Each structure stands twice: as C-alpha cells, then as structure tokens.
Amino acid sequence: MTFGQLCELEPGLQDLHTIARMIQDNGSGEAFCANLVWHNLFKPRIYDLVGWGRVEIVKRNWKSGKELEKLGVTVLGQKEEWSYEKGLLDSSEAYDVAYHAIYDQLPNCRDCWCL
Ligand SMILES: [Zn+2]
C-alpha cells in the first residue's frame, strides 16, 4: 500500500500533504513543535479520511440519512451509498501510511516541550 494509492481513493489526503509542505518554521517564535501542529491542524482532518475514523463518519452519515428518511425527507442519491463497504482506506495500516507521508513533510521540532 502506497500513499499515492490512498490519494487516488481519497484526494483529501493529497490536499493535507500539500498543506504540510507549505508549513515552515520561520524561526521567529521561541519554539516550533511539529507535534503541536499535527494535533491541532492535521489530526482532526486526517481522522475522517483514513483509518477507523473514516468508518465512523460513514456510519454517522448513514445514521443521519436513516433519521431523515423517518422524517419523510428524501435524500438525493441511492440508499446503497449509505451502506458500508470495507475498503483500502479503512485500516490502521492505511492510517499509518498516510500519517508518515504527511507528518514527514512538517519541519522538525525546535526547542519544544516534546523534545
Ligand atoms: Zn515538538
């Protein structure tokens, strides 16, 4: 499994990779922490795209679709779209591949708490 394969299935991962490459430590602050940037900026977004978080979001969407249906609301698209099929993106291995590909683009930690 490669990061390129995952990006073909989920272009949002490529976007995060591009954003990570744009982040620089300009040295003006007392410290720079790649982990802090990761936890605040990237982790909440990657969680929904790959790994077990993706499973959760599909389940959430499916549930809200079902609830709308009970209220007599028709949601455009086929019901089948709500059903869940396990794919390449839904594993912890996929999360690890994406995590390393994106995290490795961030500048190194400098004088931060985590060193
Ligand atoms: Zn750090």
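**View 1. Exposure of Asp111 in the predicted model.** Asp111 counts as exposed because 10 C-beta neighbours lie inside 10 Å, and a residue with 12 or fewer falls in that class. The structure shown here and in the other views is a predicted model. Asp111 sits in the segment after helix 5 (92-103). The phi angle of Asp111 is near 55°, a positive value in a residue other than glycine.

**View 2. Length of helix 2 (residues 11-22).** Helix 2 has 12 residues, which at 1.5 Å a residue should span 16 Å.

View 3. Leu13, Leu16 and Ala20 are the buried residues of helix 2. These residues lie on the same side of helix 2, because they cover an arc of only 55° around the axis. The face turned away from this buried side carries the exposed residues Pro11, Thr18, Arg21 and Met22. Packing partners of the buried residues of helix 2 are helix 1 (3-9), helix 3 (34-49) and helix 5.

**View 4. The largest nonpolar core.** This core has 17 residues, of which Ile46, Val50 and Ala98 touch the most other members. Helix 2, helix 3 and helix 5 are the elements that give two or more residues to the core. The most comes from helix 5, with five residues.

**View 5. Contacts of Ile46.** When neighbours within four places in sequence are left aside, Ile46 is in contact with Leu16, Ala98, Tyr99 and Ile102.

Key
Residues numbered from 1 in each chain as written. Predicted model: local features only at pLDDT ≥ 70, side-chain atom pairs only at ≥ 80, totals over all residues. Helix = DSSP H or I, 4+ residues; strand = E, 2+ residues; numbered from the N terminus. Buried ≥ 20, exposed ≤ 12 C-beta atoms within 10 Å, placed from the backbone. Expected span 1.5 Å × (residues − 1). Arc of directions from axis to C-beta. Contact = placed C-beta atoms within 7 Å. Core = buried A, V, L, I, M, F, W, Y, C linked by C-beta atoms within 7 Å.
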